[in-house]
Amino acid sequence: MCEEGTAASHPRWTSRVARWLPTPSVTPFTFWYLMVLLATTVIQRVVDENVSAELLQLSSTDAHNLWHRPIESLVSSALWITDSGWVAYVLIFAFTVAPLERRIGAGWTFAVFASGHVLATLASELPVMWSIDAGWLPETDGHWLDIGVSYGFFATAGAMLTIVTPRLRPCFLLAADLVIVVIYLTDEPGSLLSVVTLAGHLIALHIGLLGWRGWLQRRGLAGTLRFTWPTRRRDPDQVRPAAALAGSVPQ
């Protein structure tokens with residue numbers, strides 16, 4: 001009996017982690033988006049390698065695709081990830097996109113995510129398009145592979161910076177900037193594609209941070225996310241008030 005009561009009052013760490021995971025009822029945008037990414041990841045694994053490469057290239061938001069089919073490439077580029085790290089995206093979305101969705105709902109979370117994906121893509125790729133058209137860059141720079149969800153992710157991360165308490169914002173902003181720098185340094189630093197991606201990540205982060213700050217403040221959400229260290233709950237039957245202890249008389 002004592003063991004059952006202790007287990008009930010002290011939930012396992014797996015239960016605590018489960019509360020953070022996206023679910024279709026509480027965070028439908030995050031959950032179903034991850035399911036789409038899982039499906040496209042599986043497709044890449046089961047189809048022929050050449051077919052997979054063709055699908056990714058058609059979905060890329062490179063200068064060529066943005067010029068000839070802008071809407072199609074902007075939408076489809078957010079449905080693919082190039083590697084097999086889908087589990088990593090589950091963790092990333094669980095700690096950035098899902099918490100935002102719990103506070104502003106699925107529709108507005110989609111709006112934040114889409115604003116970062118679309119606006120950061122255009123802001124970073126349009127100069128490349130103009131440079132190619134002017135002859136400053138070769139045509140090959142208009143056909144690189146540019147897909148993924150990172151711009152949308154950094155936009156939601158930027159919006160989350162407004163929601164966390166002010167004392168934690170500098171730490172979270174520094175962490176986001178460090179992640180962006182690490183991505184740049186591990187992805188052929190100095191190449192034009194890496195520079196464009198770096199610019200896109202920074203733009204997306206500040207779209208979420210600055211572009212959505214006023215809207216979040218008007219809804220009273222600024223500084224509402226607080227992180228507290230979990231404390232161990234004690235059995236009330238084993239805790240006696242100080243007053244009772246002071247007035248007790250040993251038998």
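Patches are made of residues with over 30% relative accessible area and no salt bridge, like charges being joined within 9 Å and nonpolar side chains (Val, Leu, Ile, Met, Phe, Trp, Tyr) within 5 Å. A salt bridge here is a side-chain nitrogen of Lys or Arg within 4 Å of a carboxyl oxygen of Asp or Glu. Accessible areas come from the Shrake-Rupley method with a 1.4 Å probe, and for residues only the protein chains shown count as cover. On these terms, L38, V42, I43, V46, V51 and L55 make a nonpolar surface patch of about 450 Å². The elements giving two or more residues to the nonpolar patch are α3 and α4 (49-59), and α3 supplies the largest share, four residues. Helices (H or I, at least four residues) and strands (E, at least two) are DSSP runs, numbered from the N terminus.

The model is predicted, so local features need pLDDT of at least 70 and side-chain atom pairs count only at pLDDT 80 or more, while totals for chains, interfaces and linings use all residues. Residues are numbered from 1 along each chain as its sequence is written, and side-chain values use heavy atoms, with hydrogens and water left out.

As for the overall fold, the chain has 14 helices and zero strands. Read along the sequence, the pattern is accordingly α-α-α-α-α-α-α-α-α-α-α-α-α-α. Of the 251 residues in the chain, 37% are buried, where buried means under 20% relative accessible area, exposed over 50% and partly exposed in between (1.4 Å probe, protein chains only). The chain exposes about 14900 Å², and carbon and sulfur atoms supply 65% of that area. Among contacts in the chain (heavy atoms within 4.5 Å) with a separation of 6 or more, 78% are between residues 24 or more positions apart.

Turning to the interior, a nonpolar core is a set of buried Ala, Val, Leu, Ile, Met, Phe, Trp, Tyr and Cys residues joined through side-chain atoms within 4.5 Å. In soluble globular proteins, nonpolar side chains tend to be buried together. The largest nonpolar core has 14 residues, of which L100, I104, V112, I163, W212 and L216 touch the most other members. Two or more residues come from each of α8 (97-104), α10 (150-163) and α13 (213-218), and α10 gives the most, with four residues. Leaving aside neighbours within four places in sequence, L216 is in contact with I104, A159, T162, I163, L221 and A222. A second, separate core of twelve residues includes A78, V90, V97 and F113.

Aromatic residues also deserve a look. A pair of aromatic rings is described by the distance of the centres and the angle of the planes. Rings of Phe, Tyr and Trp (its six-membered ring) pair if their centres lie within 6.5 Å; planes under 30 degrees apart count as stacked, over 60 as edge-to-face and the rest as tilted. By this rule there are eleven aromatic pairs. One of them joins F29 and Y33, a tilted pair with 5.5 Å centre to centre and 45 degrees between the planes. Both residues lie in helix α3 (residues 28-46), four residues apart, about one turn of the helix, and both F29 and Y33 are buried. The rings of W212 and W215, by contrast, have their planes at 90 degrees and their centres 5.6 Å apart, so this pair is edge-to-face. W212 is buried at 13% relative accessibility, and W215 is buried with a relative accessible area of 14%. One aromatic cluster is formed by F29, Y33, F93, F110 and F113.

Three further residues complete the picture. V196, in helix α12 (residues 192-211), is buried at 7% relative accessibility. Not counting residues up to four places away in sequence, V196 touches S124, E125, V128, W144 and Y151. The C-alpha atoms of V196 and P127 are separated by 9.4 Å, although these residues are 69 apart along the chain. R226 sits in the loop between α13 and α14 (242-247) and is exposed at 58% relative accessibility. R226 and P166 are 60 residues apart in sequence and 9.7 Å apart in space, C-alpha to C-alpha.

Finally, E188 lies in the loop between α11 (169-185) and α12 and is exposed at 60% relative accessibility. Most residues other than glycine have a negative phi, and most peptide bonds are trans. E188 is not a glycine, yet has a positive phi of about 50 degrees.
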